[in-house]
Amino acid sequence: MENNTVISIQSLVKRFPVGGNFFTALKNVDLNLHKGEFTGLVGPSGSGKTTLLNIIGGLDSASEGRVRVLDQSLDNTTHNKRAKLRRKYMGFIFQSYNLLPVYTVFENIELPLILNKIDPTERIKKVNQAIEWVGLADKRDSKPNMLSGGECQRTAIARALVHQPVLVMADEPTANLDAENSHNIMKILTKLNDELDTSFVFATHDEKIMGYLKRIIRLEDGTIIKDEKTKKEHV
Amino acid sequence: MLFKIALKNLLGARLRTFLNVFVTSISFFMIIFMTGLYDGMRQHAKQVTIDTEIAGGAYWHPLYDPMEPMLFEDSHSVLPPEIESLVKEKKAVPILISQAAIYPNGRIMPVIMKGIDPRQNIVNMPTESLSKNKDVNIPVLIGKGMANNAKLDIGDSFTIRWIDSDGTYDADEGTVVHIMDTENFKLDIGNIWIPITKAQEMLEMKNEATYVSYAKEETRVNNSGTWIHRDVDYLIQDIEAAIEADKPSIQIMFAILLSLAAMGIFNAQVLSIFRRGKEIGTLMALGMTRTRVVGLFTVEGGINAVLASALTVFPFGVILWWTAEHGIPMPMDYTEMGFIIAEKLIPVYSIGLIISTTILVFFIVIIVSYLPSRRIAKMKPTDALRGKTVT
């Protein structure tokens with residue numbers, strides 16, 4: 001990666017068809033994120049933060065502009081190439097956890113490793129390690145319906161990090177959690193950010209997590225209105 | 001990898017998987033059972049016809065046509081020498097056929113009168129009963145269906161009228177000496193059996209016969225003179241034709257059962273795709289390609305079919321085995337309806353039937369699993385993550 005740049009976005013525009021017209025969700029967004037950053041895309045609902053996160057993750061594509069993630073251009077790339085990028089180098093954390101209901105905690109966390117064709121012995125080792133990170137050793141055989149919201153989100157974090165991706169994207173990861181659980185989750189994420197040097201990008205409007213972010217990018221009506229580095233150091 | 005995930009998905013969704021597999025398995029079982037039953041009926045009909053009527057084959061008088069009773073008067077002669085030798089060696093039995101009329105209880109009934117050697121053991125008929133009543137003028141053997149139709153019982157006498165070789169009408173009294181319980185309606189309905197020597201005497205056709213049936217292990221004679229050799233394949237062609245005519249109905253039933261299985265799987269797959277939209281989105285976000293997600297759902301369908309096969313082996317396999325061993329008792333006698341149906345139907349489940357059904361069901365399940373899964377290929381990951389599906 002050039003100059004440790006993980007994400008490079010230039011003149012990004014995203015439009016959605018609404019009825020017979022188009023709604024512009026992102027307008028001329030320019031952004032560079034570097035390795036190990038712990039960044040929040042902050043703004044009210046409809047400001048474009050989830051759309052931006054989805055484009056960075058290759059789940060959606062830009063209408064205009066250039067997007068490079070992990071040294072790969074996402075402009076005009078195939079679905080398969082984007083899928084490979086996500087599989088190998090990215091992790092996702094969702095607001096509603098998105099755990100597979102028929103899998104146990106262990107199996108949910110194991111899934112990215114299966115998709116990356118990691119051999120079974122190595123898989124078990126990595127999953128156990130991820131379970132240790134999030135403190136779910138006693139819940140490894142439980143299914144999501146037997147877990148609390150906080151435990152579900154910790155499982156989702158372990159799943160996002162088990163294959164040690166370069167970049168983790170988290171869409172409102174604390175929105176469904178109470179204050180205590182939100183702080184616990186953020187402590188885990190900051191610790192992993194420090195230990196693994198993984199870059200994190202959050203889409204959030206949750207004030208509780210602002211204090212953990214090293215960089216805050218404020219969005220309003222699809223435009224970056226403020227990009228500030230905090231003086232927060234995790235360790 | 002897909003197999004492992006698909007298996008986990010199926011095993012994880014316990015009740016949903018069980019219901020899908022159970023429905024497929026029932027259809028699977030019904031297809032094998034009904035086809036086996038039908039095959040069993042066909043085989044039984046063939047076997048009964050061969051045992052009781054055809055044996056190893058026949059030699060026919062050149063004018064004999066079983067479908068043309070008007071020619072019976074002319075279709076008889078003494079046997080060609082080589083066929084005669086077979087008869088003398090008890091390797092063949094001659095049968096003399098003539099039209100006649102009987103008058104049971106004052107009613108007239110047209111019948112086919114057949115003369116047969118009472119001591120024969122070529123076809124499975126109780127003809128020995130014809131030789132046990134020396135004091136009876138014309139001993140007559142009839143079938144149960146014929147006895148019911150004519151209201152005749154053992155010991156009952158009735159007038160038989162026939163035309164002899166000179167074209168002269170003659171009549172005498174026949175007595176029922178035995179009522180046979182045969183599954184072959186062709187020996188029963190409209191037929192009376194008498195000793196061949198008596199028939200030759202009545203018809204003034206000494207040493208003559210209409211056709212000769214020979215033993216199963218016997219080979220064809222070198223010179224059958226003007227008589228025509230008919231092998232088993234020729235003689236069972238009417239049964240084969242009946243079976244062939246019945247094929248469309250069995251094919252329709254087969255298609256209905258298969259459609260039920262296919263619809264069950266199709267429905268389950270469509271529901272899965274609607275209900276599992278978020279799961280599909282998550283898999284895509286984790287880096288699974290659309291093709292692989294489609295593959296995953298198709299493999300799930302395939303595993304469904306494999307599990308259905310396993311469920312068909314047990315417990316349905318036990319039912320299949322039991323019916324093949326013990327048969328299924330029929331509620332009524334079908335002889336009078338012109339069917340060769342056993343009192344107990346024994347289904348025949350050939351390896352070919354099981355393999356072909358398995359392959360067919362498997363193939364159909366894969367197709368109906370794949371078709372709805374193609375919708376996934378049109379999904380945007382962001383829509384799928386929100387639980388939105390393509391309609």
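Modeller: Of the 391 residues of chain B, 40% count as buried. In chain A, which has 235 residues, the buried part is 48%. Keep in mind that this is a predicted model.

Biologist: Why does Thr357(B) count as buried?

Modeller: A residue is called buried if 20 or more other C-beta atoms lie within 10 Å of its own. Thr357(B) has 22 C-beta neighbours inside 10 Å, so Thr357(B) counts as buried. This residue is found in helix H11 of chain B, which covers residues 351-373.

Biologist: Which residues is Thr357(B) in contact with, leaving aside its neighbours within four places in sequence?

Modeller: Thr357(B) is in contact with Phe28(B), Ile31(B) and Ile32(B). Contact here requires C-beta atoms within 7 Å. The distance between Thr357(B) and Ile32(B) is 7.0 Å from C-alpha to C-alpha, and in sequence they are 325 residues apart.

Biologist: How do you know how much of the contact in chain B joins residues 24 or more positions apart?

Modeller: Contacts with a separation of 6 or more are taken, and 81% of them in chain B are between residues 24 or more positions apart. For chain A, 70% of the contacts between residues at least 6 apart in sequence join residues at least 24 apart. As for secondary structure, chain B has 12 helices and 13 strands, while chain A has six helices and 10 strands.

Biologist: What makes helix H1 of chain A mostly covered?

Modeller: Helix H1 of chain A spans residues 49-56, and eight of its eight residues are buried. Among them are Lys49(A), Thr50(A), Asn54(A) and Ile56(A). Just after this helix, Gly58(A) takes a positive phi of about 75 degrees.

Biologist: Which residues touch the most other members of the largest nonpolar core?

Modeller: They are Leu41(A), Ile157(A), Ala158(A), Met169(A) and Val293(B), in a core of 107 residues. Helix H10 of chain B, residues 290-326, gives the most to this core, with nine residues. Not counting residues up to four places away in sequence, Leu41(A) touches Lys49(A), Leu52(A), Leu53(A), Val201(A), Phe202(A), Ala203(A), Ile217(A) and Leu219(A).

Biologist: What is the order of the open sheet of four strands in chain A?

Modeller: The order is S2-S1-S4-S5, and the pairing is antiparallel.

Biologist: Why do strand S2 and strand S5 of chain A stand at the edges?

Modeller: Strand S2 (21-34) and strand S5 (72-73) of chain A each have a single partner strand, so one side of each is left without a neighbour in the sheet.

Biologist: How do you know that strand S4 of chain A and S5(A) pair?

Modeller: Pairing calls for at least two bridges between the strands. Strand S4 of chain A, residues 64-69, and S5(A) have two bridges, in the antiparallel sense; therefore they meet the cut-off of at least two. In S5(A), Gln72(A) is the bridge partner of Val69(A).

Biologist: How many residues does the contact take from chain B and from chain A?

Modeller: It takes 19 residues from chain B and 20 residues from chain A. On the side of chain B that touches chain A, helix H1 (2-12), helix H9 (277-285) and helix H12 (381-385) of chain B each supply at least two residues. The residues on that side of chain B are eight nonpolar, six polar and five charged.

Technical notes: Residues numbered from 1 in each chain as written. Chains lettered and ligands numbered in written order. Predicted model: local features only at pLDDT ≥ 70, side-chain atom pairs only at ≥ 80, totals over all residues. Contact = placed C-beta atoms within 7 Å. Nonpolar A, V, L, I, M, F, W, Y, C, P; charged D, E, K, R; others polar. Buried ≥ 20, exposed ≤ 12 C-beta atoms within 10 Å, placed from the backbone. Core = buried A, V, L, I, M, F, W, Y, C linked by C-beta atoms within 7 Å.
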